[in-house]
Each structure stands twice: as C-alpha cells, then as structure tokens.
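This report describes selected local features of one protein model. The structure is shown first, followed by the terms and the findings.

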Amino acid sequence: MAPKHLNRRRHLLFGAAAVLVLLPSGSSATAVEYCKKGRDYPVKVSGVEVVPDPVVRGEPATFKISASTDKNITKGKLVIDVAYFIFHVHSETHNLCDETSCPVTGEFVLASQQTLPSFTPPGSYTLTMKLQGDSNEELTCISFGFSIGFVTPNPII
C-alpha cells in the first residue's frame with residue numbers, strides 16, 4: 001500500500017487532469033462592450049468568439065458574433081473598423097445578408113473569416129462593429145479586443 005502523501009498527490013493529479021479535460025480548448029469567449037453604454041440597441045450581442053485566439057498571421061481567423069433581435073431585418077450593413085493600439089488601421093463594409101441569412105430575426109450568428117497577411121504586426125487590436133439597418137439607423141455597435149500572436153507559420157516550399 002502506498003504512503004498517504006503519495007495517494008494524496010495521485011488524487012490531486014487525477015483531479016487536475018479531470019479539470020483540464022473539462023475545459024474548452026482552442027477558443028474562449030471574448031469580452032464585448034457596447035459603443036454607447038446604457039443605450040437600448042435593437043440588436044443585442046450575447047457573445048463573440050475568435051478562433052484561433054490569439055489570431056495567427058497568414059492563417060484564417062474566424063470571428064463569430066452571437067446576437068438576437070425582436071425586429072425583422074431584411075437589409076443592412078456591417079461596418080467594421082480595426083485599431084492597433086490607438087491607431088486606425090483597417091475599415092471594411094459588408095452586406096448583412098452576405099454574413100448571415102436574411103431576413104434576420106430572433107437569435108442569429110454573424111461569422112466572418114479573414115486571413116491576415118504574414119506581415120501584420122503582432123499585438124493588441126480593437127475591432128468595432130456597427131450594424132446599420134436599411135435607412136442607416138444604428139441597430140447595434142460593439143467593440144472587443146483580440147490579439148495577433150508573434151508566431152508566423154513557415155511558408156510551404
């Protein structure tokens with residue numbers, strides 16, 4: 001029979017292994033803030049997932065935004081702005097119906113996949129996304145941070 005301290009250590013190792021198995025891998029929820037705190041936006045964002053996190057330069061990254069609305073949205077656009085620290089570095093606009101199925105009502109997911117160039121500087125970025133309706137009314141506006149890692153994949157030869 002093993003001494004008590006070895007049994008205790010074994011139980012701790014098994015417990016730690018069980019916790020690690022139960023943890024989600026590869027991605028985690030990203031903290032989201034509304035642009036105008038206290039504003040009652042018609043589209044509520046419940047979460048953002050960035051995969052992989054941190055983003056790897058030169059490889060596809062997926063941004064999934066989970067949201068819901070009581071409105072029936074048939075048209076709209078997503079306006080995305082990206083800042084590196086405090087410097088604006090990128091803007092793009094997408095047709096809402098290209099990013100999710102229209103009409104939009106109830107719960108939905110906006111998913112966008114991008115491959116950042118291998119020369120993109122590593123570090124902390126902030127993405128601000130505005131969802132505008134048919135007559136450019138602001139349906140929601142959120143911002144969240146993401147990071148780009150220091151590792152660049154090796155080119156295939």
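**Basis**

A contact is counted where heavy atoms lie within 4.5 Å. The model is predicted, so local features need pLDDT of at least 70 and side-chain atom pairs count only at pLDDT 80 or more, while totals for chains, interfaces and linings use all residues. Residues are numbered from 1 along each chain as its sequence is written, and side-chain values use heavy atoms, with hydrogens and water left out.

Asp 81 lies in strand 5 (residues 77-84); strands (E, at least two residues) are DSSP runs numbered from the N terminus. At 25% relative accessibility, Asp 81 is classed as partly exposed, the class between buried (under 20% relative accessible area) and exposed (over 50%), with a 1.4 Å probe and protein chains only.

Beyond neighbours within four places in sequence, Asp 81 contacts His 88, His 90, Ser 91, Thr 126, Leu 127 and Thr 128. Its side chain forms polar contacts (a pair of N or O atoms within 3.5 Å; within protein, one must be able to donate a hydrogen and the other to accept it, and residues adjacent in sequence count only if both atoms are side-chain atoms). The partners are the side chains of His 88, at 3.3 Å, and Ser 91, at 2.4 Å. The C-alpha atoms of Asp 81 and Met 129 are 6.6 Å apart, although 48 residues separate them in sequence.

**Pro 52**

Pro 52 occupies the loop between strand 3 (43-51) and strand 4 (60-73). Its relative accessibility of 24% makes Pro 52 partly exposed. The C-alpha atoms of Pro 52 and Thr 62, ten residues apart along the chain, are separated by 7.3 Å.

Terms used. Helix = DSSP H or I, 4+ residues; strand = E, 2+ residues; numbered from the N terminus.
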